[in-house]
Amino acid sequence: MRARVIFFSQFAFTVLVAAFLIVPAVLSMAAGVTTNYFRGIRSGFTLQWVIQVWELYADTIARSFVVALLTLAVTLVVGVPAAYALHVRGGRLSRAIEEIITLPLAIPGLAIALALLLSYGTFSDFRRSSLFIVAGHVVFTLPFMVRSVMAIFSSIDVKTLDESASSLGAAPWRRFRDVIVPNALPGILAGSLMVVTLSLGEFNLTWMLHTPLTKTLPVGLADSYASMRLEVASAYTLVFFVMIIPLLVAMQIFADSGGRKGARK
Amino acid sequence: MTALHGVAVRVESCAKTFTDGTHALEPITLDIARGETLVFLGPSGCGKTTMLRIIAGLERPDAGGRVLFNGSDVTKVPIEQRNVGMVFQSYALFPNMNVADNVGYGLKIRGVGHTERKVRIAELVALTGIEGLEQRRIDQLSGGQRQRVALARAVAARPSVLLLDEPLTALDAALRDRLRFELDRLLRALGITTVYVTHDQAEAMALADRVVVMRKGAIAQIGTPRDIYFTPANRFVAEFVGAANLVEARATNGTLTLPGGQLHIADAALTGEVIAMIRPESITVVAAESASLSGRVERISFVGDRQRLAVSGATQKTLMIDTLNTLDIKIGENIGLKVDPAIIRVLPREPQ
């Protein structure tokens, strides 16, 4: 009896996942390669919508990756040393700074975007470039990097490792490079995975910050949904999936092997 | 053949108050001779680790305190420029490097070439008995092996002073005993100035040229292991180092009047209330009739190499006595007790 209840509840859960996650995704991708969605699959398969999307949005897609990688670079350069400093220093000030860094998680992206526009919108060269979007993405993704690196720091007693490297004569930068970063690698990888994913998928902040010349993937997606025929919008979704899924899988594998290495202690 | 190397260390009125207001150390002045092994011994929270970290350069003493290596002031020199070797309680080996790379890290930092480094690593691996483990990852080592790697790594670059923070505490008892002897041999062979921190008095005795017994951030006594054991300066040292009977009694012209009889002490002129310390193993069991002090055996615990008796009636508190493991004795028996007057230590009175 009990086993049956468990079986049916699992079955129901699986059906729900399929109905609300997999079916819509598959349908929308299918729509992207259907000649005429309103006439259904019978109308035949075509790649013309995909090609159309590629022609219209190739630069948008490329820009999205550039923005994601720049965001990653900044969060690495700023976030990893910041996490190190916050962890080693400790104390009330570090806690306060950590809270401030984490704040953007609780604030709607629209509000962050508005604040950025109010503060820096008048620097028109900056405002018009993709760097303005990078800045927004850094604000939004930095806490994920800092948190994930700090988590690994507290699991490997980084303070004593640092002290032991210093007792052997290593200057701060040297021990950061030789001891801290290699041992924090699983956390850094996990953080990177999150930053890239979040940056590629970020919409509401980016929507506020973009100009017609600095659209990113999700903004382009909204644009095509609003102004193109349904098949084109669906083809866009297909392109989005094709772009992002291999990347996610690759980084997941990378983070997994890194995680295992870190776990062997 | 023990070529002494390392520096003489002087700690000058070093106190430490942490930012949260805790006084970890009262001002302490101390000289450590070149090549000497000095052990800081004390219960947790006595400030011994803080002292070690001040010498290492991981903590700054409060204003006015100075640390000198061979007479030159290193108080403001950061640890990475002090040329110290340090072994941490957790060993803090680098998980991202194998054994050889851990041992060679200090040499690499100092720019020692690859070939020379290899030779020195081989030397240290042999010295610490970890041959064959060079390519192992740290997580593939046992506790004892990690301890040896940590030691090899700390001495690889020929530091001026070797600092060890409870290096054996993380190991189980049997291994600890074995490594204690090994460590002693190694420290003698290296002849390096060594500062060692422990809460284990047996470890302190076995390794130290001099022991610094610490209590509540201050020095309770400095001396050789024998000094500390046989002539403790106060009650705290007597009780912390080894087992001790503290007998409170009235002395009249060098004789203690006790519930179970009398006991002579070395100072024949001493009169007044005193606390006398008698080590359990310095009491001899004799026939009750002929003895000037006697008592009744309450408990016997046989521990193999000796047996410990708890005797009541002789002194106000129960007296602990270590006797030969072959001595035939029964609970309830009346026994006579004899103590060499020279070995009884009269402690100064102090407010408790």
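The model is predicted, so local features need pLDDT of at least 70 and side-chain atom pairs count only at pLDDT 80 or more, while totals for chains, interfaces and linings use all residues. Residues are numbered from 1 along each chain as its sequence is written, and chains are lettered from A in the order in which they are written.

Between the chains, 17 residues of chain A are in contact with 19 residues of chain B, contact meaning that the C-beta atoms, placed from the backbone, lie within 7 Å. Helix 7 of chain A gives the largest share of its side, 6 residues. Helices here are DSSP runs of H or I with at least four residues, strands are runs of E with at least two, and both are numbered from the N terminus. By class, this side of chain A has 6 nonpolar, 6 polar and 5 charged residues; Ala, Val, Leu, Ile, Met, Phe, Trp, Tyr, Cys and Pro count as nonpolar, Asp, Glu, Lys and Arg as charged, and the others, Gly among them, as polar.

Turning to chain B, an automatic or database domain assignment divides the chain into domain 1 (9-239) and domain 2 (244-347). Their C-alpha centres lie 39 Å apart, and the contact takes 7 residues from domain 1 and 6 residues from domain 2.

Met97(B) sits in the loop between strand 6 (84-87) and helix 2 (99-109) of chain B. Beyond neighbours within four places in sequence, Met97(B) is in contact with Asn102(B) and Tyr105(B).

Notes
Two residues are in contact if their C-beta atoms, placed from the backbone, lie within 7 Å.
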